[in-house]
Amino acid sequence: FFLMEKLILVILSCWLTSCGVTTEQIQKDARSIDNLIEPSTVQRASDKVINYPELDGPKITVAVYEFKDMTGQRKPGTNLAHLSSAVTQGGEAYLIETLKDIGNSTWFTVLERQGIDYLIKERQIIRQTREANSDKDKLQPLLFAGVLIHGSIIGYDSNLVSGGAGARLLGVGLNTQYIRDTVTVGLRLISVSTGEVLITSTTTKTVLSVKTQGDVFRWIEAGTTPVEAELGKANNEPVNIAVRLAIELAVCDIVQRGKDTNLWSYKKEKVK
């Protein structure tokens, strides 16, 4: 073990010396790695959703009960699938936020239905407390929806397309590999009064992963000492962002189809 450790130290020393790497350079690289750690950010709807044409008329009251993962897919791994799900289990959060933000928040009044049990319990507590204290103030009645928007993640195909390219010359090599997955979302608009499905939309978004790697193999010290180094980087598109974009596209598609079938109309821009 001592001889192996000594050999590793010799190889590292030779490589650092041959590459001209100094202590200052190592510290600089360490600081650059620390810079890769990004702070927390607030997610917003895409510009396409926010800048969508506004609704001509009062807001549409809509309820969202759930947005399930119907794929049953597990997160893919190199050899075995992981226990965690491949896609988010909280897609209704993206759907609700999209409905709230589309067209500068002029389209939908979204009602709380995901946590309706907690809402009803809290209203009961308020009502009982007021009655016990002879408080005559009454709670406002809950709003009811004219339409429901219901949907789910209906497909996730991993490793749908994969490939790459590479080359090596005089001990210096570079290769790139990529894998493409797809996620599919289904959405439908339902009339509460009749139960009729008014509009449906199915959208698909690709999830791209790209890996680039370079390596160097050299003999130094009169061709007696081998030195090998590798450097690589992988970019994986977040599946959650892909699901969100697919939901945003489905909502925009439903709004456009509703306009085409005269369910509603866009507000006309004022002529300057």
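Me: What is meant by the bend at a residue?
Reply: The bend is the angle between two axes, one fitted to the seven residues ending at that residue and the other to the seven starting there. In this predicted model, local features need pLDDT of at least 70, side-chain atom pairs count only at pLDDT 80 or more, and totals for chains, interfaces and linings use all residues. Residues are numbered from 1 along each chain as its sequence is written, and side-chain values use heavy atoms, with hydrogens and water left out.

Me: What makes Thr98 a bend in α4?
Reply: By that angle, α4 bends by about 30 degrees at Thr98. Helices are DSSP runs of H or I with at least four residues, and strands are runs of E with at least two, numbered from the N terminus.

Me: How do you know what span to expect of helix α4?
Reply: The expected span is 1.5 Å times one less than the number of residues. Helix α4 (residues 91–105) has 15 residues, and its 20 Å from first C-alpha to last is close to the expected 21 Å.

Me: Why is Asn104 called partly exposed?
Reply: Buried means under 20% relative accessible area, exposed over 50%, and partly exposed in between (1.4 Å probe, protein chains only). Asn104 has a relative accessible area of 42%, and is therefore partly exposed. Asn104 lies in helix α4, whose buried residues include Tyr94, Leu95 and Thr98.

Me: Why is Asn262 called exposed?
Reply: Its relative accessible area is 69%, so Asn262 counts as exposed. Asn262 lies in the segment after α6 (239–260).
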